[in-house]
Amino acid sequence: MKSLFLTLERWTTTIAMAGACAMLAISASLGMFQILMRFVLEQPAEWTEVLIRFSLIWMVFLAIPMAFRQGAMVSVDVLYRWSPPRIRRFLDWAVAVAALTLVGIIIWWGFDYAQRGSVQTMAGLESISMFWAYIALPVGGLFCIPGIIGNLIDPKRLELETAQ
């Protein structure tokens, strides 16, 4: 069961990270396009700024699951280093419960916010609802859940191993 869950977690985290990388590529490409249009052709495309912001929001919320999986979020490394093994496991659980609580709140209120924002449109792109920007919060939160549980089941402390 553990290996099945970790396989599922690996897939979800990989999908989320691929999405985050795609959003980074999109925002970088749009930034270059905006520079070309504004400074070379002297005809700025206002819609690119909105889409850059939109893609950066999605990039952040899709990259967070990888940070959770690698143990790089909500770090309590000083307590962890000074504690005996039994207390360390308690800290793992406390951090996981706190992270899951926070992610649950983000999912709940993020979905509510996305629904309320669906009547708004993006400045510069009036045909696109703000729902698509706001929905990044609950989608990213849903991708975080397997990463948090995966890190609890099979801890990776990459930030502790590379810390000085």
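1. Two strands pair if DSSP finds at least two bridges between them. In this predicted model, strand β1 (residues 121–122) and strand β2 (residues 125–129) pair in the antiparallel sense over 2 bridges; helices (H or I, at least four residues) and strands (E, at least two) are DSSP runs, numbered from the N terminus. M122 stands opposite L125 of β2. The hairpin of β1 and β2 has 2 residues between the strands, and G124 takes a positive phi near 95 degrees there.

2. Basis of the model: it is predicted, local features need pLDDT of at least 70, side-chain atom pairs count only at pLDDT 80 or more, and totals for chains, interfaces and linings use all residues. Residues are numbered from 1 along each chain as its sequence is written, and side-chain values use heavy atoms, with hydrogens and water left out.

3. Helix α4 (residues 85–116) packs on helix α6 (residues 136–153) at an angle of about 165 degrees, the axes lying 8 Å apart. Axes are lines fitted to C-alpha atoms, for helices over the stretch in contact, with angles from 0 to 180 degrees between N-to-C directions. The angle makes α4 roughly antiparallel to α6 (under 35 degrees is roughly parallel, over 145 roughly antiparallel, 65 to 115 roughly perpendicular, the rest oblique). Their crossing is left-handed, that is, the near helix is turned anticlockwise from the far one by less than a right angle.

4. On the α4 side, the contact (heavy atoms within 4.5 Å) includes R89, D92, W93, A96 and F111. From α6 it draws on residues including L137, P138, G141, C144 and L152. By class, the α4–α6 contact divides into 16 nonpolar, 2 polar and 2 charged residues (Ala, Val, Leu, Ile, Met, Phe, Trp, Tyr, Cys and Pro count as nonpolar, Asp, Glu, Lys and Arg as charged, and the others, Gly among them, as polar).

5. Helix α6 also meets α1: their axes come within 9 Å and cross at roughly 135 degrees. The two helices are therefore oblique to each other, and this crossing too is left-handed. K2, F5, L6, E9, T12, I15 and A16 of α1 make the contact with F143, P146, G147, I149, G150 and I153 of α6. That contact has 8 nonpolar, 3 polar and 2 charged residues.

6. Not counting residues up to four places away in sequence, S27 touches I52, S55 and L56. Q34, in α1 (residues 2–40), is likewise buried at a relative accessible area of 7%. Leaving aside neighbours within four places in sequence, Q34 is in contact with P44, A45, T48 and E49.

7. M59 lies in helix α2 (residues 47–69) and counts as buried at 19% relative accessibility. Not counting residues up to four places away in sequence, M59 touches A20, M23 and L24. M59 and M122 are 63 residues apart along the chain, and their C-alpha atoms are separated by 18 Å.

8. Most residues other than glycine have a negative phi. E42, however, has a positive phi, near 55 degrees. E42 lies in the loop between α1 and α2, and at 64% relative accessibility it counts as exposed.

Conventions: Buried < 20%, exposed > 50% of the residue type's maximum accessible area, 1.4 Å probe, protein only.
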